[in-house]
Amino acid sequence: VADWNATVDKTIQDPQRAAKLKDLGRQLIDVSEATEQDIAALNRQMIALNENYNATQAEMQELVGEFKKTRNARFVQYRDIIFAMREEVSADEWKHLIK
């Protein structure tokens with residue numbers, strides 16, 4: 001967050017736009033971290049199912065299906081945040097922000 005905020009401060013002179021971009025950046029980081037946690041949880045659950053010889057294919061499919069729903073919802077959040085950021089900046093500003 002600190003790196004993002006510093007980059008925003010260097011690039012965006014308008015305090016209102018800078019504040020909005022900082023908030024959106026925090027939201028993006030939160031979504032990214034939540035996605036990482038979802039993947040870690042899926043890995044743990046898949047290992048547990050794999051260790052259970054009596055686990056069924058249906059259980060595995062259900063687990064993957066639930067993960068897909070969560071993943072897709074997070075991707076929508078991520079996309080929406082990126083486009084909200086881009087609405088706040090010019091193309092040149094965006095180039096500096098995403099370096």
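A: Let's start with Thr11: this residue is buried, with a relative accessible area of 18% (buried means under 20%, exposed over 50%, partly exposed in between, using a 1.4 Å probe and protein chains only). Before we go on, this is a predicted model, so local features need pLDDT of at least 70, side-chain atom pairs count only at pLDDT 80 or more, and totals for chains, interfaces and linings use all residues. Residues are numbered from 1 along each chain as its sequence is written, and side-chain values use heavy atoms, leaving out hydrogens and water.

Thr11 lies in helix 1 (helices are DSSP runs of H or I, at least four residues, numbered from the N terminus). A polar atom of its side chain lies 2.8 Å from the backbone oxygen of Thr7. Leaving aside neighbours within four places in sequence, Thr11 is in contact with Glu93, His96 and Leu97 (contact means heavy atoms within 4.5 Å).

Now follow Glu93, which is buried too, at 15%. Glu93 forms a salt bridge with Arg17, the closest N and O atoms being 2.9 Å apart (a salt bridge is a side-chain nitrogen of Lys or Arg within 4 Å of a carboxyl oxygen of Asp or Glu). Arg17 lies in helix 2 and Glu93 in helix 4, so the pair ties together parts 76 residues apart in sequence. Arg17 itself is partly exposed, at 22%.

Key. Helices (H or I, at least four residues) and strands (E, at least two) are DSSP runs, numbered from the N terminus. A polar contact is a pair of N or O atoms within 3.5 Å; within protein, one must be able to donate a hydrogen and the other to accept it, and residues adjacent in sequence count only if both atoms are side-chain atoms.
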